[in-house]
Amino acid sequence: MADNCIRKLTVEVCDAKNLMPKDGQGTASAYAIVDFDGQRRRTKTIFRDLNPQWNEKLDFLVHDADSMAAETMELNVYNDKKTGKRSTFLGKVKISGSTFVKAGEDVPLVYYPLEKRSVFSQIKGEIGLKVWYVDEQPPPAPAPEKNDAPPPSATTEEKPAEKEEDKKKPESKEEAKKEEEKKAATEEANKKEEKPPENAPPQTPPPPTPPPPTEVQHPPIAQQKSTQNSEKSIISENSKHMEIESKLFQKINSGKADRRTTAFDLVDPMPFLYVRVAKAKISNPDADSSFFAKLVIGTHTIRTKSQAANREWDQVFAFDKDGLNSTSLEVSIWAQKKSKEKDAATAAEISAGTVSFDLQEVPKRVPPDSPLAPQWYSLEGEGSPGNDVMLSVWVGTQADEAFQEAWQSDSGGLIPETRAKVYLSPKLWYLRLTVIQTQDLQLGSGSAGSEPKVRIPELYVKAQLGAQLFKTSRTNIGFTNPTWNEDLIFVAAEPFEPFLTITVEDVTNGHSVGHAKVQVATVDKRTDDKSEPRSRWFNLIGDQETKPYAGRIHVRVCLEGGYHVLDEAAHVTSDVRPTANQLSKPPIGLLEVGIRGATNLLPVKTKDGTRGTTDAYVVAKYGPKWVRTRTILDRFNPRWNEQYTWDVYDPCTVLTIGIFDNARYNKSGEAGPTKDKDVRLGKLRVRLSTLDTNRVYVGTYALTVLLPGGAKKMGEIEIALRFSCSSWISLIQAYANPTLPRMHYVKPLGPAQQDILRHNAMRIVTTRLARSEPALGQEVVQFMLDSDMHMWSMRRSKANWFRVVGCLSKAAQFARWLDGIRTWAHPPTTVLVHILLMAIILCPHLILPTVFMYAFLIIALRFRFRQRVSITMDPRLSHVDTVGPDELDEEFDGFPTTRSVDQIRVRYDRLRALAGRAQTLLGDLAAQGERLEALFNWKDPRATGIFVVVCLFASLLFYVVPFKAFVLGSGFYYLRHPRFRGDMPSVPMNFFRRLPPQSDRIL
């Protein structure tokens, strides 16, 4: 090419496809900016179109044709500031100069995918471009008008677009004005860029002059080589801008990550399509019509409640995005005209218009972003001129604030019995009633007045709080007032029952002497045993007509806040804090549980009488806090992905997780729950002390439930756990503290009394939670609390027996090893034991250090082979496969029994046989203790005389022989070779077995 040729580059921006919606309304108003060789050109703005078509040609002057192949053209697509909240980036394209083609050739239309500006950008779509260059000879003098005609035309094309945009300038807000000023400055800069090519002399192609300083506001990617100073300043400004922008993105995304870590990091995000229908604006509404909105997505159809015209619905609908079978959403408004002759069910429905959304263009929202503001959309269709609907559509997750109150497609909508809820157990207190004495009792009445003179009355005091009733022992009336000094302990729950009723009963005639009522709200509270509650006198009220005064009773009543009221089985308790808040210590950690989902659940009921189905939900209990997930309807592999947290006050506590099938929600669509009971599908327990701190446990665990027909695997549940603890000192200190509060040891409760109080507490918790809305079923609470652990079960008896055998197996193994040493089964080992015995005798001060060092080494080495955390129920340990059907049926039988007489006779005979073996074992144990007692009490004079003589000679022998020599000789004698050992029992064993027990004196 000759040196006097001028090269021009033409970029035809044709169209773009499938752009990312960025204006908050599901669309985008896109324009393109092209930078090449220090020059910038801009297309017009295509408003509210995700597939814009520009078909504009932008011309650039190539300053150095030889270096054009090394240059890079960059095209950036933006959303116009005027139509959205802020100018947003829609993508960019970089094209190398080596790919440019000459104008004479067939210029192809190439679609380039839009690239991200940073890793955090959300970009999609592609843009179609045609790029070519042309070499022109220097024209004669009048030629510049013709050659430079295209640039003015391009300028004139931009001016109308600018005028149209200026008409829509926001003048009401200062912020919009500032944005407009920046926009105007940008346009002026663009115009200045375009002027140098127009005024450039056509004779010679020298490089143009450096761009003006205003160009720094829009720095190009590649600057001209001749203007080095200007290039450095522009590039430095550009790099600084990009650095600040990247830091801002990192800060925003790190903030989101931190927020997610503390909220839903143990579960998977579940995409939901949210639709918030706010209200509709109807142009000519009928007075007798009500309006509702209908949402249709494929096979999903849901409608809002009916309201009068121009009234707000403000309802949110959440559709599980993975379960959608369509790519479009239709929202329509319907007018419902009530019929005067018939009921409202036959009312005519007339469409007021429809608006459609492409689900691929719905924006995404991730908390902590602010909620998406509803927008007005014009309704399309017949009879809908001037009708609008205000709504917002976005894609979020289960972490969205609107999720809990939204209509949910996977849980049946707005059914109360299928919603996720958090329950709290009532705060429980021990109420201690000390009955001291009574005075001035009026025992006789009417014709029975002489009865006390004939018979000595026998009295007792009965106290009742709610459904709990306890009695004192009986006492006779003598010359003094009846005195008991007995404690009766009740379980009281907040809010308290109004009255504690105290009644004095006469056993001789079966009548009540009188009663008194104590207001529980006035009862004193105490937290320790140092302060004695005050005693009070109450008048006893008999019959209101004949005996308004029947005496008085002296009692002491207080609410004990220093105890912990056990409402679960002692071995699976989840809370050990005292009732009084001032005695509770701060938490030592945090327990986070992510309930992810379940797989392969078995059907437990039929749907429509044709196929099986399961409506599963999960209940987790730790401390007083109960959580219940939402019910996923008609799925055998439900996914909940819900996360909950609890404060941990003691590491040696247990988390209980149960899964159930929901049978309480009304499947017919009527309001209110059904009377069916939920079916249990399985249960897990996690002991926190077996978990490592600050470690996430994610796993799938089998669900096994015990049925009258045997154990059955109902599926698997996937959960995630994390026990976080910030202070190791507090965690280790917890192991040194007593398990229960101080009052349990200062004034302990008896085992039988504690068991009764625990069952009363279970009954109160079950009743209170069953009265919640929605109710947590009685069968659910009882299954979680193991309220039937005290009932007889042959299976549990076998399991406990083999647990004892398993614990004693180590001792039996040591005894067998010692017997092998004693019988020289392995001579080298026996010789080593002889040497060890000599070392112990000669160096006794090394016994304890050696024992503890061996313990340290052995236990430390076992850390590598420790078992994984056991969470699932163990069917083998529970011995569910070793019992028969009748024994399982006996376990599920209620109390009192409901079985036939023949079944009861068989079970009773089996129980008698088992009790007979236990009776024999107890008798053998008692006989050994009685033989030892007979040796010291001269029950057998000859045997005791022999023992006395042996003791005398032993005292003389040990006075002469050193103790070390005696121990060494005894060890060698015990470990002697079998050649020197007899087959008969030893003399001391024969002597002990001949001592007399007392079994011969039992009838």
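**Exercise 1. Which residues of helix H8 meet which residues of helix H9?**

Step 1: From H8, the residues that take part are Met762, Val765, Thr766 and Leu769, and they meet Gln778, Val781, Gln782 and Leu785 of H9. Keep in mind that you are looking at a predicted model.

Step 2: Now sort this contact by class: five residues are nonpolar, three are polar and none is charged.

Step 3: H8 covers residues 751-770 and H9 covers residues 778-785; their axes lie 9 Å apart, at an angle of about 145°. The crossing of H8 and H9 is right-handed.

**Exercise 2. At roughly what angle do the axes of H11 and H17 cross, and what does that make H11 relative to H17?**

Step 1: Find helix H11 at residues 827-842 and helix H17 at residues 963-974. Their axes come within 10 Å and cross at roughly 165°.

Step 2: Angles over 145 degrees count as roughly antiparallel, so H11 is roughly antiparallel to H17.

Step 3: The crossing of H11 and H17 is right-handed. On the H11 side, the contact is made by His834, Leu837, Met838, Ile841 and Leu842, and on the H17 side by Lys964, Val967, Leu968, Gly971 and Phe972.

Step 4: Sorted by class, the contact of H11 with H17 has seven nonpolar residues, two polar ones and one charged one.

**Exercise 3. Which residues of strand E4 are on its covered face, and which are on its uncovered face?**

Step 1: Walk along E4, residues 53-62. Trp54, Glu56, Leu58, Phe60 and Val62 make up the covered face, while Gln53, Asn55, Lys57, Asp59 and Leu61 make up the uncovered one.

Step 2: Look for a partner strand. E1, residues 6-17, pairs with E4 in the antiparallel sense over eight bridges.

**Exercise 4. Is Asn76 buried or exposed?**

Step 1: Locate Asn76 in strand E5, residues 72-79.

Step 2: Buried means under 20% relative accessible area. Asn76 has 7% relative accessibility, so Asn76 counts as buried.

Step 3: See what surrounds it. Setting aside neighbours within four places in sequence, Asn76 is in contact with Tyr31, Ala32, Ile33, Asp35, Phe89, Gly91 and Lys92.

Step 4: Pick out Lys92, 16 residues from Asn76 along the chain; the C-alpha atoms of the two are separated by 4.3 Å.

Methods:
Residues are numbered from 1 along each chain as its sequence is written. This is a predicted model: local features need pLDDT of at least 70, side-chain atom pairs count only at pLDDT 80 or more; totals for chains, interfaces and linings use all residues. Side-chain values use heavy atoms; hydrogens and water are left out. Buried means under 20% relative accessible area, exposed over 50%, partly exposed in between (1.4 Å probe, protein chains only). Helices (H or I, at least four residues) and strands (E, at least two) are DSSP runs, numbered from the N terminus. Two strands pair if DSSP finds at least two bridges between them. Axes are lines fitted to C-alpha atoms, for helices over the stretch in contact, and angles run from 0 to 180 degrees between N-to-C directions. Angles under 35 degrees count as roughly parallel, over 145 as roughly antiparallel, 65 to 115 as roughly perpendicular and the rest as oblique. A crossing is left-handed if the near helix is turned anticlockwise from the far one by less than a right angle, and right-handed if clockwise. Contact means heavy atoms within 4.5 Å. Ala, Val, Leu, Ile, Met, Phe, Trp, Tyr, Cys and Pro count as nonpolar, Asp, Glu, Lys and Arg as charged, and the others, Gly among them, as polar.
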